[in-house]
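I opened my notebook to check a few local features. My entries follow the structure.

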Amino acid sequence: MPTITLTNLTKCYDGNTEPSVNQVSLTVEDGEFMCLLGPSGCGKTTILRMIAGIEHSTSGEIAVDNLVVDSVHQSCFIPPEQRRIGLVFQNYALWPHMTVERNVDFGLRLQKVPAQERKERCLDVMGKLRILEYADRYPSQLSGGQQQRVALARMLAVNPGVLLLDEPLSNLDATLRLEMRAELRRLHQTFGTTIIFVSHDQWEAMTLANTIAVMNKGQLQQIGTPDEIYAEPSNRFVAEFIGNPKINLIKLKESNDKPINVASHILARQSQAESRLAEVCAIRPEEIILTDNATSHTLPMTIENIMPTGGSWVIELSFGEDRLFHSTQSRPKWREGDQINANLPTPSLHFFDHDGNRLALTDNDKELDNLLLSSALPSHKYANQKHTNQPYAKQA
Amino acid sequence: MLTAAEQKKPTLWQRARHLFAVARHEPANLIGLVLAIFFAYLILAPVLSILVDSFIVQSGDEARTHQDEGSFTLYYIVRTLYSRISEILLWQPLYNTLAIAAGTVVFSMSIGVVLAWLVNRTNMAGRAWFATALIVPFMLPTWTFALAWTTIFKNRTVGGQPGWLESLGITTSNSVAYGYFPIVFILVLHYTPLVILIVGNALRRLDTQMEDSARVLGAPSRTIAFSIVLPLIRPALMSAALLIFADCIGEFAVPYILGLPVRYDTLATGLYRALDTRQNGVAAVIAAVIMIIGVITLLIDVRMMKEARRFVTVGGKGNMDRLRKLGRMRLPASGFVGAFVLIGVVLPLLTLFLSTIMILPGRFTLENFTFDYWIGSNLDTVALSKGILLTPEFWQAAWNTIVIVGSSSMISGVLGLLVGYAVLRCSFKGVGSFLRQITFLPYLVPGIAFAAAFLSLFAVARGPIPALYGTPFILIIALVAEKMPFASRSGIAAMTQLGKEPEEAARIAGANWFSRMGKIVIPIQAGPLATGILLPFISGIKGVSLFIILAIPSTDVLTTYSLRLLDYNYDQAANAVVLMIALIAWLGTVLIQKISGTGLAQGLEN
Ligand SMILES: Nc1ncnc2c1ncn2[C@@H]1O[C@H](COP(=O)(O)OP(=O)(O)OP(=O)(O)O)[C@@H](O)[C@H]1O
Ligand SMILES: [Mg+2]
């Protein structure tokens, strides 16, 4: 099964001044399930279209299984029909003049698969995607979600080694989405297909993918396992983009004029290096610890708002003008307006510098911090806490 | 291999070679190039030869110009533009032509848009029936109307058989019988169906979701009509307007019949007269003027297309028909549409039909009626001893018409689709816009001038191409060239509508170019393709100017046959032939609709 390598891949559409994909390098290993995640217009579709060969690159290189399929330097381009890569289009691109069944078996017919086997494979895949009953309808007679499943079935029937999926589940309801997700996972496990998957939905990305590549404005921001991306966002964009409710951001550099606020509380406990370089500090809502008792490491805060979100709660906290959000999966015992104490454990804090890049703590710094902290709260305690509060259970 | 790509930006040369590697896998590039060469020869060469003629001393003019035949001269330009007779030669006809074209565009657009909306988007009574009936005037030759008009309104200004009103004792004034008013009236009747077709198509393809979302936002119907629907169909409106305008500039038959008796000249009739009186140089200048008007039209068109490209919506998806309830206006609306059908279809056809069974015009007594002109035998007329349905020449001409016009419209329909394909897919922008413009070029050239140029170019053997004059081939290729504007426009529109995605999806599935064309593009485009064949067929069958010059008796077609009968003053037989032309055009429409299962009134019935 194939590996896909992109090297400094850049695409600038004719007439655009800004490249839609800018110097993207990444490798999708054989059998990997990678998700491209990013806001609208960041170039996800463009990358998929270039890998499939519908669009050509402006510079850089694409290799599938060590075979260069598109390279400006080598003046090489292999057309999509010879690449044997499956692509499910974002807006389906079903053939309006063919029934659902003909849409699905078109690829098999082209491959001259015998009629009997073709029929079986079609029925099988249509059954799995729950579109068997629409086999004789035309695409215009289907709902958006049904069309989307036909588009998926059309590719799955051929069972290509590489499958590119452009938001293949965006139009489905929650139940169907779960089912289809399971189906995709199963497919991936059974055939070992290399899958690149585009999604807006981080939850979907977290649950499905082995690897997530986060993009913004055509550039790759971070690539890593769902856990890495969540726990160690490599820059401010990733930190803010991943996580729901959104990560709390605390601006550190504007704090000078205010006597006491969250920023000064945090800075008071940080190493010299960090307080000098860090511009912004961030903490995930579930990592804030609320207690009744005040210690030297807590901040007194007011509960402004408690919002149930079905099995979990989001609590809005205020300290002066600063607002923080906390989320928890156990029913909060406080009421709105209560005064409580919030602990922002240092190991859970993310620091970003002026350019938004993550400030890496050196071992020295960590030791120092731990020494300072150990008297107040043993660090393993909130390590535990952190684990149970993690909303995205790690995938097996 | 990673390092190479990582190290430096690609050079210009590498980029060019890469683009070539990409383009190599896009057959549209090859198709585009082949078509470009083909049309350069078929269309550009005749046009250039006309332009060159206006600067070259023509044979017979040596004495006047004091120069040798074939040498460079400005004589014709000066004579046509600045001399004492330039007013008659050029300026007055130019003014008349523009006035006719403008009047026709304004009136046919206003009426056509209303009719298109009524037929496509409302629950007007009898809309399925009207959808077909409204198209009929477009299937009739313009000069059918002109003949019907003279049958009724002809006055003493010209000789021959009198008009009905005249024989009933009512004298019609010249301004009603001839000139601007009847010409515009007839052209409006003729071109309104074209507006209905083009705008109706756009209206039907318009995704109702767009209107719905505006409605959801609380927009009143008026706002929706003016800020959503109108802008979206504006490309269709503009393209209809331009087609009609350009067509009117070149219109020959109607002003020939209705303008000439009162010396009301247009550029096309002026051109014909110049050719007829062997003033080839002057004719070339007039032709050039017509072409300049056409070039301006073309420039507007190019700009418009640029604009239209920005909001191409994704096609290929079905949309639901949603009809506006007219309520109490349901019947009055039908009355309005019915009136158009009455004036545009029933009255002219009835008039013509009655004229073919009346011995003396305008006398409505029983003994004046006879079917002899259709099926009689042993008639006492000199050249026509049988009714036309029993005359072998008639059947030969009918067969010629079907073969010549049928095959040329097939060819132009397929070429049109290929042009559309190449224009939208070709990697080289230049080839695409060259194709767009060159296929539009025949519109700028009046049919008469085009035919003359074809005659001079293809009458003798040139290179690998043998002499074609006297064969059906010269008519076929001339017709193909003449009909390319229609065909390529509908091809481009269809391919734009289709978008790239269905084909891209087929490429992903591993389909090579032939499978893609055969299984995806052409089947999806069956409807537009049928239209692209049908329109040239209908307009070709009634064409006059090309045939007048290029046909010889052995390739006689129905139009030339009927004109000859008219020359002999066999008005009844001539009108009978004209009716048969209308019948064949109508049958052709029905046939193509049956074959493709779609066509003009497509989607209206269900
Ligand atoms: N054919 C095109 N011509 C010019 N610009 C384009 C074209 N296609 C895309 N773009 C631009 O390239 C950028 C990336 O587009 P792309 O479709 O890859 O975004 P995306 O990440 O898939 O977004 P979404 O999540 O909304 O689907 C956008 O800014 C878009 O405007
Ligand atoms: Mg996209």
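**Cysteines.** I looked for disulfides over all chains and found 0. I keep in mind that this is a predicted model. I then took Cys12(A) as a case: its nearest cysteine sulfur belongs to Cys42(A), 16 Å away. A disulfide needs the two sulfurs within 2.5 Å, so Cys12(A) is in none. I also looked up accessibility. Cys281(A) has a relative accessible area of 0%, so I log it as buried.

I traced where the pair sits in the chain. Thr45(A) belongs to helix α1 (residues 44-52) of chain A. Gln90(A) is in the loop between β7 (85-88) and α2 (100-110) of chain A. The two are 45 residues apart, so the pair links distant parts of the chain. Thr45(A) is partly exposed at 26% relative accessible area. Gln90(A) is partly exposed too, at 34%.

**Helix α21 of chain B.** I tested its length. The helix covers residues 429-440, which makes 12 residues. At 1.5 Å a residue I expect a span of 16 Å. The end C-alpha atoms are 17 Å apart, which agrees. Next I listed the buried residues of α21(B). Among them are Val431(B), Gly432(B) and Leu435(B). Arg436(B) is on the buried list as well, and so is Phe440(B).

Methods: Residues numbered from 1 in each chain as written. Chains lettered and ligands numbered in written order. Predicted model: local features only at pLDDT ≥ 70, side-chain atom pairs only at ≥ 80, totals over all residues. Heavy atoms only, no water. Buried < 20%, exposed > 50% of the residue type's maximum accessible area, 1.4 Å probe, protein only. Helix = DSSP H or I, 4+ residues; strand = E, 2+ residues; numbered from the N terminus. Expected span 1.5 Å × (residues − 1).
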